[in-house]
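Colleague: I am new to reading models like this one. Please show it to me, and let me ask about it piece by piece.

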Amino acid sequence: MSDAALDIDRPDEEVEDISYLRAGHSLGSWFLTTDHKRIAILYLVSITFFFLIGGVAAALIRLDLLTPAGDLMTNEGYNRAFSLHGIIMVWFFLIPSIPNTIGNFIIPLMIGARDLAFPRLNLLSWYIYIVAGFITLAVVLGGGVDTGWTFYTPLSTMYANGMVVATVVAVFISGFSTILTGINFIVTIHKLRAPGMTWSRLPLFIWSHYAVSIIFVLATPVLAITLILVAAERLFGIGVFDPALGGDPLLFQHLFWFYSHPAVYIMVLPAMGVISELITSAAHKRIFGYWFVAIASIAIAVIGFLVWGHHMFVSGQSIYASAFFSFLSIAVAVPSAIKVYNWTATLYKGDIMIDAPLLFAMGFIGLFVAGGLTGLMLAMLAIDVHVHDTYFVVAHFHYIMVGGTVTAFFGALHYWWPKITGRLYNETLARIAAVVILVGFNLTFFPQFMLGYEGMPRRYHVYPPEFQLLQVFSSAGAALLAVGYAMPTFYLLWSLRRGPRAPANPWGATGLEWTTSSPPPKHNFTQQPVVVRGPYYYPLEHPASRANA
Amino acid sequence: MPEQRALHEPFHQPARQREADRLGMIVFLASEAMLFGGLFAAAMALRLLHPVEYVAASGHLKLWLGTANTAILLTSSLMAAVAVEAARSGSPRLAGWSLGSAIILALLFLGIKGYEYLGEYREGLVPGLANAHFGTRTQQLFMNFYFVSTGLHGVHVMVGIGLLGVSALSRAAREDRAAVLIGNAALYWHLVDIIWLFLYPTLYLPGVS
């Protein structure tokens, strides 16, 4: 409160030239910071840590699947490995990945604000995430859970061994972090836009984060209540799902998927926002159909709430409900397709710069289309009945979550790295990494489409020998993918010490975040920015405008 | 000007900051509504699955205690609303008294709820305890739901009491003509009230015949 009085007069010149990285070096200046940029770095470090743990679990799974007999792990051990992989990757990496790191850093910069609307809430959100993360680590050390990431009842409430309640509590707590972030983003986008930054001038990254914040706020609490009911049933025996009392386990699936299907859009919407920025910047062109892309984000968020039943086609749901959910699931592909077409059309006749961010963005588009089209297949009742709970489904959602979201996350990290750190990374290595990731990913997951179509069920580690060849391909791909993911860790960290200093706008991109220095000053802008035109204003007719890069 | 003293980091204008605080609370309440929305969906499923037994199980609750609590909570909400208007019109003393009475009514609500739980314990209607005995399986299912939902609501009542208490004790909040803290605490309190207005007919009224 003491320095708040100063803010009214804003003696900008004296304090604001120091970059946010140099403003304080003590431990407290990081762990008690309310600066959205530093909190983004805290998130970046923590989610990278959980990505590593989830990756180790994935490596164990792929190693075990090399042989049809499942020689590496016991059945129980395998169940625990894939459960941990799912739980950690979904709640501790994918959901916070782009919003809490890149979004946290870039949103205030993009709209010309000094910070998020509630800076202390933002820090609290990170601490809540860390508490949840520690509980999850305790679960890992304590032996884990074997319910899968879905916690289906009555398995989770009655039969499962392991630390179900602790895991449920960890996920429940992490949900608060998500909700607080959602509230913060929504209020920031409503109330802290710079003068002239009208809704029609918002970068598409902001639109997709606005859409995802709505899902954060409205879907996460439904997961919270579901997990409360599971924990109450397991701990105190006061359950509403218990079939012995006439309760309905299917009710759990409805509640769980009411959250968890929108959660897929939580993961992919921010990625779509990233791609819109990467494509326009690489093509030096205005986005094709701004309003279509913007509204498509909102449409995905809204329709995404109405498709959860497609996870339950074989759970005994009424056929009429299934037909309805099938129709809506196909409908949700429309706004996604609009985005893909518009990105492609944006590239058409663009002044294209083939740098690593574009390679990641192109990778995203290809993998997202493959994941999306197989999603349409799965939305068809007749096909889903055959491939339900097979590797086909596993491959489909990995194309979206890993091929889509993780690729976009890496693209975003490369694109905004100069802004975040003030350093340039080695472009050649980055391009190689992008290609290695793309090849490794397809080698890992394309065989899984084939496995699933041939009938290999998910969540089994003992399988008929005829599936071995494809499983070996998949494991080899996973090794390559691991190399691809490890590469940026090295050259990005190396760039921190040895990389050349980045100019304010290395890509010649539009957007307010590129008008301030790299790394930005503590209060983001030395002067309050004023916006006079829409986003993506690239005068293609005047290539000279790139010279100011 | 107390408003300017409270201006915090990213904001330049008090009015904008007030709007942001308000919007933040409303978005948070939307989230809370979805939390209980999941519970009401579960209640609907229970009733659709077991229409007759659900009604019978509901009949074992003490209708009069639930009704009294409804009246008490509504009155408490009214007092919170009065406190907001009092603060806005520059009567910090009235605001303090109104908040105080809202808190006392909230405590009364919790007292009656506890008395009701005690009665249910004596009748053996608390699941998981040694003396528990139910007429039907559905009655146990119903009581499971009853304790989870009223328990979760009770937690929200306690949080609400805390928020109202902080507003009542803070002189700056009572003297704030914009009623930012009191207004947002009251908004939360109204949500707790509204949730009860849905819980009451869901739990108590089906048993009225």
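Modeller: Start with one term: buried means under 20% relative accessible area, exposed means over 50%, and partly exposed lies in between, with a 1.4 Å probe and protein chains only. This is a predicted model, where local features need pLDDT of at least 70, side-chain atom pairs count only at pLDDT 80 or more, and totals for chains, interfaces and linings use all residues. Residues are numbered from 1 along each chain as its sequence is written, chains are lettered from A and ligands numbered from 1 in the order in which they are written, and side-chain values use heavy atoms, with hydrogens and water left out.

Colleague: Is Asn122(A) buried or exposed?

Modeller: Asn122(A) sits in helix α6 of chain A, residues 119-141. Helices here are DSSP runs (H or I, at least four residues), strands are runs of E of at least two, and both are numbered from the N terminus. The relative accessible area of Asn122(A) is 2%, so Asn122(A) is buried.

Colleague: Which residues does Asn122(A) touch, not counting residues up to four places away in sequence?

Modeller: Contact means heavy atoms within 4.5 Å. With residues up to four places away in sequence left out, Asn122(A) touches His36(A), Ile39(A), Asn104(A), Leu116(A) and Asn184(A).

Colleague: How many helices and strands are there in chain A?

Modeller: No strand turns up in chain A. The count is 18 helices and zero strands.

Colleague: What is the radius of gyration of chain A?

Modeller: The radius is taken over C-alpha atoms, and the globule rule is 2.2 Å times the number of residues to the power 0.38. For 549 residues the rule gives 24 Å, and chain A comes close to that, so it is as compact as a globular protein of that length. The radius of gyration of chain A is 23 Å.

Colleague: What share of the residues in chain A is buried?

Modeller: Chain A has 549 residues. Its C-alpha atoms fill a box of roughly 70 × 55 × 45 Å, taken along the principal axes. The buried share of the residues is 61%.

Colleague: How far apart are the end C-alpha atoms of helix α9 of chain A?

Modeller: Helix α9 of chain A covers residues 204-236, which is 33 residues. The expected span is 1.5 Å times one less than the number of residues.

Colleague: Where does α9(A) bend?

Modeller: A bend is the angle between axes fitted to the seven residues ending at a residue and the seven starting there. In α9(A) the angle is about 25°, and a proline, Pro221(A), follows within four residues. The bend is at Ala219(A).

Colleague: How many residues of α9(A) are buried?

Modeller: This helix is mostly covered. Just after it, Gly237(A) takes a positive phi of about 70°. Of the 33 residues of α9(A), the number buried is 27.

Colleague: Which residue meets Arg458(A) in a salt bridge?

Modeller: Side chains of opposite charge can pair when their charged atoms come close. A salt bridge is a side-chain nitrogen of Lys or Arg within 4 Å of a carboxyl oxygen of Asp or Glu. Here the N to O distance is 3.7 Å, and the partner is Asp389(A).

Colleague: How many residues apart are Arg458(A) and Asp389(A)?

Modeller: Arg458(A) lies in the loop between α17 and α18 of chain A, and Asp389(A) in the loop between α15 and α16. Arg458(A) is buried at 16%, whereas Asp389(A) is partly exposed at 41%. The pair links distant parts of the chain, and the separation is 69 residues.

Colleague: Why are Glu19(B) and Arg16(B) separated by about one helical turn?

Modeller: Their closest N and O atoms are 3.8 Å apart, in a salt bridge. Glu19(B) is partly exposed at 37%, and Arg16(B) is partly exposed at 30%. They are about one helical turn apart because both lie in helix α2 of chain B, at a spacing of three residues.

Colleague: Which residue of chain A is linked with Arg16(B) and Glu19(B) in a network of salt bridges?

Modeller: The structure holds eleven salt bridges over all chains. The network with Arg16(B) and Glu19(B) takes in Lys191(A).

Colleague: How far apart in space are Ala57(B) and Thr138(B), C-alpha to C-alpha?

Modeller: Ala57(B) is in helix α3 of chain B, and is buried at 1%. Its contacts include Gln139(B) and Phe142(B). Ala57(B) and Thr138(B) are 81 residues apart in sequence, yet their C-alpha separation is 7.4 Å.
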